[in-house]
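This report goes through selected parts of one structure. Please look at the sequence and the model before reading on.

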Amino acid sequence: MQLVLVVDDSKLQRRILSASLKRWGFEVVEAASGDEALEQCKIRLPDLVLSDWVMPGMNGLQFCRAFRELSNFQYGYFILLTSKSEKAEVAKGLDNGADDFLSKPVDVDELRARIAAGERILDMQRELTEKNRIITDTLDELQRVYDSLDKDLLEAKKLQQSLVRERTREFDTGKLSLMLRSSGHVGGDLVGFFPVGDDKLGLYGIDVSGHGISSALMTARLAGYLSAAAPDQNVALTRQPDGSFAMRAPEKVISELNNLVLNEMETEHYFTLLLAEVDLKTGHVVMSQAGHPHPVVQRQDGRIEQGGLGGFPVGLLAGIEYEQFTIQLSPGDRLFILSDGVTECPDPDGKMLEEEGLTEILHGLRDITGPPLLEAILWQLTEFAGDADFPDDVSGILFEFAGPR
């Protein structure tokens, strides 16, 4: 039952209005002044208010303003009873929060019609309030879910970054540096290395299709297939009769990985891969490419060489044959294995960096070495992109060959 508050300094007028309202099924309370009405509202807010405009003390306009301040969270329909009919006065009443007007003396049929209109507005207001409450509750729940997912993704990022346990390692004849930066919390890029005996080194750069959690899970599984910590499980290594490990031909390893993905992994993902074996004594590099960007060699004199065989990504088609090629590093040369997040990084107009832009960057950074060089490449990419977030993961391996000492 809706509550109606009748406010009028005339007792007779209150009784006449109250009698009609009760007959129509409303619960009615009365007040002889604006101050008394305000106290009633503090006890219980009415759904509708019928208030005289002209009253001693707090008049109808002042009470209307006070009522609106009191009823911020529950809307009440306010009808002013007045003998004023000038447009300026009506506008003044609307400005002070009134919803409707009734001329005195009040016609009962008109009063019923105005109250019915007020009830329709109150019903719509309550429906809107309920929908807003549902929306607010839903948004709060979504925020809780988002916060939970965000926390999980931050943990996943830590776990994925931990796959690259060593970001730098020095050898007697060279220095190795690694970089891994996801475009989101987690990504599909992975770089790594594994020792092959005392004088050789396996390197790999991987870029799994897509982004996000599923791609990151794929990189974690691939990290196990090329593990440095568990050489017996590394598909690129084979145990020798004396117990040591030797590296299998990179082209054969990629072919086996292609079969593993197609036959044993239930996934829609595929990935590009560049797998290399570096002879730490001679600088001789044997590598095979499966859709990954070409390796880049910067010679001691600053010249940039980019080339390879391209190859087909892993996990798309069965029976693909891969080939391998060689690169000879001389003392002072350095080898880069970079993901396509570098060369395909766009500027604010959408133009990609491409191989020419990478060559220009490397020329400008020729005097920087080790991890600072990879960080400087990231900074250059950030400037090229106009400080925008990278649309793709960025990863890289840098091997600087010093030669025998």
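Which residues of α9 are buried? They are Gly357, Leu358, Ile361 and Leu362, where buried means under 20% relative accessible area, exposed over 50% and partly exposed in between, with a 1.4 Å probe and protein chains only. Seen down the axis of α9, these buried residues fall within an arc of 135°, so they line one face of the helix; the arc is that of the directions from the helix axis to the C-beta atoms. On the other side of α9, Glu356, Glu360 and Gly364 are exposed.

The model is predicted, so local features need pLDDT of at least 70 and side-chain atom pairs count only at pLDDT 80 or more, while totals for chains, interfaces and linings use all residues. Residues are numbered from 1 along each chain as its sequence is written, and side-chain values use heavy atoms, with hydrogens and water left out. Helices (H or I, at least four residues) and strands (E, at least two) are DSSP runs, numbered from the N terminus.

The cover over the buried residues of α9 includes β14 (296-298), β15 (304-306), β17, α8 and α10 (370-384); contact here means heavy atoms within 4.5 Å. Glu354 also lies in helix α9. With a relative accessible area of 41%, Glu354 is partly exposed. Its phi is near 60°, a positive value in a residue other than glycine. Most residues other than glycine have a negative phi, and most peptide bonds are trans. The peptide bond from Lys104 to Pro105 is cis, with omega near 0°. Pro105 is found in the loop between β5 (100-103) and α5 (108-162).

Next come the spaces in the model. On a 1 Å grid over the protein atoms alone, a cavity is a set of points where a 1.4 Å probe fits but cannot get out, and a pocket is an open set with protein on both sides within 12 Å along at least five of seven lines; lining residues have an atom within 4 Å of a point. Grid points are joined across faces, edges and corners, and a volume is the space filled by probe spheres set on the points.

The structure holds one cavity of 30 Å³ or more. Elements that give two or more residues to the lining of the largest cavity are β17 (334-338), α8 (340-343) and α9 (354-364). Among the lining residues are Phe336, Leu338, Val342, Glu355 and Leu358. The second largest pocket is lined by 16 residues, and the closest to its centre are Gly332, Asp333, Arg334, Thr369 and Glu400. At least two residues of this pocket lining come from each of β7 and β18 (394-401).

The table sets out the two spaces, with Ala, Val, Leu, Ile, Met, Phe, Trp, Tyr, Cys and Pro counted as nonpolar, Asp, Glu, Lys and Arg as charged, and the others, Gly among them, as polar.

| Space | Volume | Lining by class |
|---|---|---|
| Largest cavity | about 80 Å³ | six nonpolar, four polar, one charged residues |
| Second largest pocket | about 230 Å³ | two nonpolar, six polar, eight charged residues |

Strand β7 (residues 174-181) pairs with strand β6 (residues 168-171) in the antiparallel sense over four bridges; two strands pair if DSSP finds at least two bridges between them. The two strands β6 and β7 form a hairpin with two residues between them. Glu170 stands opposite Lys175 in β7.
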